[in-house]
Amino acid sequence: MGKRISIHDLRRMKHKGEKIAMLTCYDYTSARIVDQVGIPIILVGDSLGMVMHGHDSTLRVTLDMMIHHSRSVSRGTTGAMVVVDLPFGSYSASDLPLSLGTARRAIAEGGATAVKIEGGRRMAPVVGTLVASGIPVMGHIGLTPQSIHMIGGYRVQGRGDEAGERLLAAAKTLEEAGAFAMVLECVPAKLAKRISEELTIPTIGIGAGPECDGQVQVWHDLMGLTQGMNPRHAKAYAQLADTIRGAAAAYLEDVTAGSFPGPEHSFDFDELMDR
Ligand code: KIV
């Protein structure tokens, strides 16, 4: 792998019409594989609270958890840009010093290149403050799971003309504040297309149709590990839950039957003495 993907590479990709793939990762081993494939952006998403830690929302995720996972992902990558989510309560437009301190820790201790923050126009001062301190910021609008109690449920956002205009205005405000890219989550495809056309920075969609500049998926959904809970916008490209279940069951059977380990997995005293 050559040099790491930069925010300038992503802007170039948008302008050349090259689609951008982003995938979440939470650990060293999977990040290494994704990096080898050449996926340009790895997101250490706060979805890790749900898929890695079993919480029912992202609200319990702490900055220390994000840093812990981000560090292992960063160690597994040489080419991909690593973006880390700032978790719920760790940043706020009404506390810019807190936001800056959080982002600095995420970058310095977590080893990421950029941070992602959720929220519309009210987050512009946070974006501006971080960018002025040299920290690239990815925005995230539409369905913002950290505001789930305000939104009232995991549902498509920006329905209707007024809500659509508000979302477009938010996207433009965040771009003006300095965001280098924008996640559009669960937004009608037509609206996502319009936002993508009107922004100069790349949009990365999830449940936002095919006309975004890029797409993001959650690791567990993509690999078929989210047992029985796949959202409509997710596509499983593998069925790893079945593969892992099969391997674990075969191992259990072998150990129980005494057929593992075989001689090829064991060390013979005479053989060792001959070396
Ligand atoms: O936390 C996450 O995985 C995310 C993506 C769904 C965009 O924010």
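**Helix packing and charge pairs**

Let me begin with a contact between two helices: Ala124, Val127, Gly128 and Val131 in α6 meet Thr173, Leu174 and Ala177 in α8. By class, the residues of this contact of α6 with α8 comprise five nonpolar, two polar and no charged. Please keep in mind throughout that this is a predicted model.

As for geometry, helix α6 spans residues 124-132, and its axis and that of α8 come within 8 Å, crossing at roughly 20°. Because angles under 35 degrees count as roughly parallel, α6 is described as roughly parallel to α8. The crossing in which α6 passes α8 is right-handed.

Helix α8, residues 161-177, packs with helix α9, residues 189-198, at an angle of about 30°, and their axes are 10 Å apart. The two helices, α8 and α9, are therefore roughly parallel to each other. Here too a handedness can be assigned, and α8 passes α9 in a right-handed crossing. On the α8 side the contact is made by Gly164, Glu165, Leu167, Leu168, Ala171 and Lys172, and on the α9 side by Leu191, Arg194, Ile195 and Glu198. The residues of the contact of α8 with α9 divide into five nonpolar, one polar and four charged.

Which residues are linked in a network of salt bridges? They are Glu165, Lys172, Arg194 and Glu198. Each of these four is also named in the contact of α8 with α9. Within that group, the side chains of Arg194 and Glu198 meet in a salt bridge, at 3.4 Å from N to O. Both residues lie in helix α9, four residues apart, which is about one turn of the helix. Arg194 counts as partly exposed, at 34% relative accessibility, and Glu198 is likewise partly exposed, with a relative accessible area of 35%.

I turn now to salt bridges elsewhere. How many does the structure hold? The total is 13.

Asp9 forms a salt bridge with Lys3, with the closest N and O atoms 3.1 Å apart. Arg12 also forms a salt bridge with Asp9, and in that pair the closest N and O atoms are 2.7 Å apart. Arg12 and Asp9 both belong to helix α1, residues 7-16, where they sit three residues apart, about one turn of the helix.

Is Asp9 buried or exposed? With a relative accessible area of 13%, Asp9 is buried, because the class covers values under 20%.

Ser70 is placed in helix α4, residues 63-75, and its relative accessible area is 0%, so Ser70 is buried. What is Ser70 in contact with, leaving aside its neighbours within four places in sequence? The residues are Val44, Val82, Val84, Gly110, Gly111 and Ala112.

To close, I return to the two contacts of α8. The contact of α6 with α8 includes no charged residues, whereas the contact of α8 with α9 includes four. Thank you for your attention.

Methods
Residues are numbered from 1 along each chain as its sequence is written. This is a predicted model: local features need pLDDT of at least 70, side-chain atom pairs count only at pLDDT 80 or more; totals for chains, interfaces and linings use all residues. Side-chain values use heavy atoms; hydrogens and water are left out. Axes are lines fitted to C-alpha atoms, for helices over the stretch in contact, and angles run from 0 to 180 degrees between N-to-C directions. Angles under 35 degrees count as roughly parallel, over 145 as roughly antiparallel, 65 to 115 as roughly perpendicular and the rest as oblique. A crossing is left-handed if the near helix is turned anticlockwise from the far one by less than a right angle, and right-handed if clockwise. Contact means heavy atoms within 4.5 Å. Ala, Val, Leu, Ile, Met, Phe, Trp, Tyr, Cys and Pro count as nonpolar, Asp, Glu, Lys and Arg as charged, and the others, Gly among them, as polar. A salt bridge is a side-chain nitrogen of Lys or Arg within 4 Å of a carboxyl oxygen of Asp or Glu. Buried means under 20% relative accessible area, exposed over 50%, partly exposed in between (1.4 Å probe, protein chains only).
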